[in-house]
Amino acid sequence: MKETFRTHFPLAILAGLCISIGCTVYMRVGGVAGAVLFAFGLTTVVYYGLKLYTGTAGFIRRSGDWGMLLIVLLGNIVGCLFTSLALRYAHPDLVDSASAILSARLAKGPLACFLLAVGCGFIMTTAVQFARQGKMLPLLLGVPVFILCGFAHSIADAFYFLTAPWSQVFRWSVLLVYVAEVLGNFVGCNLYRWVKPREVQA
């Protein structure tokens with residue numbers, strides 16, 4: 001486990017930073033253009049072989065990888081935290097935008113956010129599957145598709161939530177929504193493995 005932490009945690013932190021860059025451009029640009037530009041974050045993660053929760057959850061083994069997945073998730077959140085602290089200072093206008101996103105998630109509640117996260121997880125694993133075969137177009141399309149669908153990405157939301165006002169963040173309701181998103185992403189990432197017969201899986 002110590003070796004896994006040493007090798008995976010730094011890569012997970014950097015992946016969180018990359019996704020945070022995508023979140024930042026989306027909040028500053030918005031709309032379809034912002035959703036398309038967000039894809040830079042995920043393509044960077046794939047290109048450098050970084051460790052992202054939604055790019056890992058759909059490929060873990062049934063035994064032995066759970067600790068690694070938790071390390072990746074924590075590293076992603078730490079990367080988002082570092083970036084949010086920097087941007088709260090450098091771009092204080094982002095705080096209001098992040099607050100609006102967090103308020104919208106809270107208004108939907110844990111169950112709705114879980115379901116929205118399932119959709120995102122399925123899209124992300126599909127996009128990464130194609131990228132592993134050298135096909136980048138689905139990766140570039142997958143990000144704006146999940147954003148424009150209003151689906152929930154747990155690592156992106158980690159950045160949004162941590163960038164919102166602290167008084168809004170430290171609530172049990174926020175934790176419940178976030179845990180629901182993490183679980184929903186995991187379910188979505190593994191849908192293809194649970195539905196597709198093992199013998200015909202790639």
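Student: Is Cys18 buried or exposed?
Tutor: Cys18 counts as buried because its relative accessible area is 7%. Buried means under 20% relative accessible area, exposed means over 50%, and partly exposed is in between, with a 1.4 Å probe and protein chains only. This is a predicted model, in which local features need pLDDT of at least 70, side-chain atom pairs count only at pLDDT 80 or more, and totals for chains, interfaces and linings use all residues. Residues are numbered from 1 along each chain as its sequence is written, and side-chain values use heavy atoms, with hydrogens and water left out.

Student: How many disulfides are there?
Tutor: Zero, taking a disulfide as a pair of cysteine sulfur atoms within 2.5 Å. For Cys18, the nearest cysteine sulfur belongs to Cys80 and is 10 Å away.

Student: OK, salt bridges. How many?
Tutor: Three. The criterion is a side-chain nitrogen of Lys or Arg within 4 Å of a carboxyl oxygen of Asp or Glu. One of them pairs Arg28 with Asp93, with the closest N and O atoms 3.1 Å apart.

Student: Where do those two lie?
Tutor: Arg28 is in helix α1 and Asp93 is in the loop between α4 and α5, so the bridge ties together parts 65 residues apart in sequence. Helices here are DSSP runs (H or I, at least four residues), numbered from the N terminus. Arg28 is partly exposed at 46% relative accessibility, and Asp93 is partly exposed at 43%.

Student: What does Arg105 pair with?
Tutor: Arg105 forms a salt bridge with Asp157, the closest N and O atoms being 2.7 Å apart. That links helix α5, which holds Arg105, to helix α7, which holds Asp157, across 52 residues. Arg105 is buried at 11% relative accessibility, and Asp157 is buried at 1%.

Student: And which side chain does Glu181 meet in a salt bridge?
Tutor: That of Arg105, at 3.5 Å from N to O. Here helix α9, with Glu181, is linked to helix α5, with Arg105, and the two residues are 76 apart. Through shared partners, the salt bridges join Arg105, Asp157 and Glu181 into one network.

Student: What else does Glu181 touch?
Tutor: Leaving out residues up to four places away in sequence, its contacts (heavy atoms within 4.5 Å) include Cys113, Ala117, Ala152, His153, Ser154 and Phe161. Glu181 counts as buried because its relative accessibility is 0%. The helix that holds Glu181, α9, covers residues 172-195.

Student: How many residues are in the largest nonpolar core?
Tutor: There are 51, and Ile19, Phe38, Tyr53, Val143, Ile155 and Tyr160 touch the most other members. Such a core is a set of buried Ala, Val, Leu, Ile, Met, Phe, Trp, Tyr and Cys residues joined through side-chain atoms within 4.5 Å. Elements giving two or more residues are α1, α2, α4, α5, α6, α7 and α9. The most come from α5, with 10 residues.

Student: What does Ile155 touch?
Tutor: Not counting residues up to four places away, Ile155 touches Gly16, Ile19, Leu52, Tyr53, Leu73, Asn76, Cys80 and Tyr178. Ile155 is among the buried residues of α7, where 10 of 10 residues are buried.

Student: Now the surface. Which residues form a nonpolar patch?
Tutor: Met136, Leu137, Leu140, Leu141 and Val145 do, with about 430 Å² of accessible area together. Areas come from the Shrake-Rupley method with a 1.4 Å probe, and only the protein chains shown count as cover for residues. Patch residues have over 30% relative accessible area and no salt bridge; nonpolar side chains (Val, Leu, Ile, Met, Phe, Trp, Tyr) are joined within 5 Å, like charges within 9 Å.

Student: Where is Leu141?
Tutor: In helix α6, residues 137-148. Leu141 is partly exposed, at 47% relative accessibility.
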